[in-house]
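Please look through the structure shown here before reading on. The paragraphs below go through it step by step.

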Amino acid sequence: MATQLTHPCAPNERGNVMLVAVLVLVLLAVFGFSMVEAVTSAKDEGAASGAHLERLFLAESGMDAGYRDLVSGGTGELGSDRAPVGLGRGAFYTRAFDRGDGTITLFSVGLHARGERTLRARIRRSRPVFHHAIFAGNSSGDPDYAMTFGGKGSSADDINGDIYSGGGIRVEDHADVAGSLRSQGTIEGGEGDTGVTQAGFDFSAVNWSDPAIVDVAAEFATWGRLASADAGGSADQVPESNAAHIFRRNPSDRTSETGGTDKNDYFLEDPYEDWRTDPKDNGTDAPFISIDDGSGESRRTFYIDGNLWIHNPDAMSFMLASSGGTGTQVTFIVRGNIVFSDSFRLENTGLDAVGFVAIKDPDVKDSGNIYLGDPAYGTLSEVHGYLYAENDFLDVNLDEKGSKEVRVLGTMSAGNHVAIERTYKGGHSKLTVDWDRRVQTGAVSLPFLSTDVPSAGGTAVMEAWVESPLADLGGPSPVPVPTPTPTPTPTPTPTPTPTPTPTPNPKGDKTPKPKSNKTPKPKSNKGKKKGGA
């Protein structure tokens with residue numbers, strides 16, 4: 001028989017084992033509780049961090065929505081603290097403050113999980129093109145371009161309204177500018193805002209087949225017939241019942257002017273109205289342009305793939321006929337050039353409005369320009385209308401032998417340059433521009449231009465944004481977003497030295513003017529002299 005040997009534990013040894021076991025259990029319990037607490041804490045911190053980030057995303061979404069509302073012409077204010085705009089699991093609201101200096105402070109508050117984050121941005125809102133007396137976008141980026149005004153005494157330029165130049169502005173001699181000056185470059189002879197960038201109209205996405213637009217070339221292709229008229233010569237015309245009846249195409253008595261053009265030439269002269277000549281060029285006996293084709297329509301948009309002329313060998317001016325109690329509002333959009341050789345006036349300057357727009361043809365180098373002046377006799381004296389050249393605004397024969405003074409009642413604007421320097425040897429051709437504010441105030445609107453062309457209502461540019469305390473939102477005039485500037489390095493103060501007295505220069509110290517960059521003028525009119533003048 002085998003015998004099993006045993007080693008019974010002493011009482012104190014059994015107690016030690018129990019103690020160790022209890023200690024291990026306690027440590028495991030503490031470790032377990034610590035792990036649970038750590039996981040819970042991490043989970044809470046993660047949730048808080050996620051909520052904090054979610055509020056930022058909501059605030060950024062609100063900032064984007066408010067900015068887009070400003071660009072589209074709205075106020076920039078969306079929702080409110082009591083009725084925010086819902087988005088995902090949170091919401092946002094925005095508030096905007098116009099600071100009166102051309103900038104808007106836009107706030108956006110993101111709301112989520114009973115918390116909020118606030119962003120603040122500085123928005124610079126540019127002004128629409130027709131909210132200026134003169135506008136030049138300098139789309140070519142010419143670093144030497146400067147819009148120049150000058151003249152002395154009674155020949156000095158007189159501009160009544162605000163001016164924008166995408167280059168520089170130079171006011172010389174006795175020229176008077178009664179309005180604000182804004183430019184991308186320098187301003188000489190006046191004070192204003194510099195470093196301002198603003199674009200003109202954008203016609204790249206316009207649908208010219210829009211049924212609201214009268215396609216003049218298409219109407220002539222279908223209905224045009226050669227006919228003579230009291231306005232002179234024979235030309236293609238359409239029936240009076242056609243909306244395009246106010247034009248005559250390629251008249252035979254003006255081939256000396258149109259012989260060198262690349263496209264068809266349409267003359268704004270209504271062959272169905274009584275023919276007059278207005279020999280005094282004051283509008284008292286001007287031939288009328290009536291857009292009413294019998295339908296009673298008083299608002300029209302005409303698209304012309306060609307050149308548009310306001311010019312006749314015998315007439316001195318034309319007048320847009322007013323319609324009833326609503327007036328006449330018309331827009332001419334020309335894919336080519338517009339030439340004003342004769343005056344053009346509105347019958348009712350309170351109700352009537354007209355826009356003349358020249359846009360570029362990619363296949364024609366000389367296009368998108370407005371020429372102001374008569375190439376032969378200089379009979380132009382006054383133009384009423386909102387004028388815009390996508391390319392350049394140029395003057396022709398505005399000198400001592402031509403028109404010595406021209407007045408524009410409306411706006412004179414271009415996507416590139418307004419070349420209005422008319423100083424010649426021995427004198428200066430006076431330019432007077434009286435800004436017609438009715439489009440700005442909303443008293444009138446231009447068909448199609450006021451609603452359907454991008455950039456017509458101006459643009460908004462976001463210059464900077466930062467996170468801001470919610471408390472800043474309550475101020476009616478929030479502090480603008482600060483622009484960081486480098487800290488200047490201290491330099492030792494130099495010892496003053498006597499400054500010599502400058503020697504007077506009896507001839508003065510004048511900076512020479514840059515040479516103007518003129519587009520070739522239209523061919524001269526060799527035909528009959530206008531109005532016997």
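The text starts with the whole chain, then turns to strands and aromatic rings.

This is a predicted model, in which local features need pLDDT of at least 70 and side-chain atom pairs count only at pLDDT 80 or more, while totals for chains, interfaces and linings use all residues. Residues are numbered from 1 along each chain as its sequence is written, and side-chain values use heavy atoms, with hydrogens and water left out.

The chain averages a pLDDT of 82, and 77% of the residues score at least 70; pLDDT is the predictor's confidence in each residue, from 0 to 100. Over residues 475-533 pLDDT stays under 50. The secondary structure comes to five helices and 34 strands, where helices (H or I, at least four residues) and strands (E, at least two) are DSSP runs numbered from the N terminus. Of the 533 residues, 47% are buried, that is, under 20% relative accessible area with a 1.4 Å probe, counting protein chains only. Among contacts (heavy atoms within 4.5 Å) between residues at least 6 apart in sequence, 66% join residues at least 24 apart.

Strands of a sheet pair through backbone hydrogen bonds, either parallel or antiparallel. Here two strands pair if DSSP finds at least two bridges between them. Strand 28 (residues 392-395) pairs in the parallel sense with strand 26 (residues 370-372) over three bridges, and with strand 30 (residues 417-419) in the parallel sense, also over three bridges. Phenylalanine 393 is the bridge partner of isoleucine 370 and also has valine 418 in strand 30 as a bridge partner. In a regular strand the side chains alternate between the two faces of the sheet. Both faces of strand 28 are covered: Asp392 and Leu394 on one side, and Phe393 and Asp395 on the other, are all buried.

Elsewhere, three strands form an open parallel sheet in the order 6-9-12. Its edge strands, strand 6 (146-149) and strand 12 (187-188), each pair on one side only. Strand 9 (residues 168-171) and strand 12 pair over two bridges, and isoleucine 169 has isoleucine 187 as its bridge partner in strand 12.

The structure holds 19 aromatic pairs, meaning rings of Phe, Tyr and Trp (its six-membered ring) whose centres lie within 6.5 Å, with planes under 30 degrees apart counted as stacked. Phenylalanine 332 and phenylalanine 356 form a stacked pair, 5.2 Å centre to centre with 20° between the planes. Phenylalanine 332 lies in strand 22 (residues 329-335) and phenylalanine 356 in strand 25 (residues 353-359), so the pair ties together parts that are 24 residues apart in sequence. Both phenylalanine 332 and phenylalanine 356 are buried.

Definitions and conventions: Buried means under 20% relative accessible area, exposed over 50%, partly exposed in between (1.4 Å probe, protein chains only). Rings of Phe, Tyr and Trp (its six-membered ring) pair if their centres lie within 6.5 Å; planes under 30 degrees apart count as stacked, over 60 as edge-to-face and the rest as tilted.
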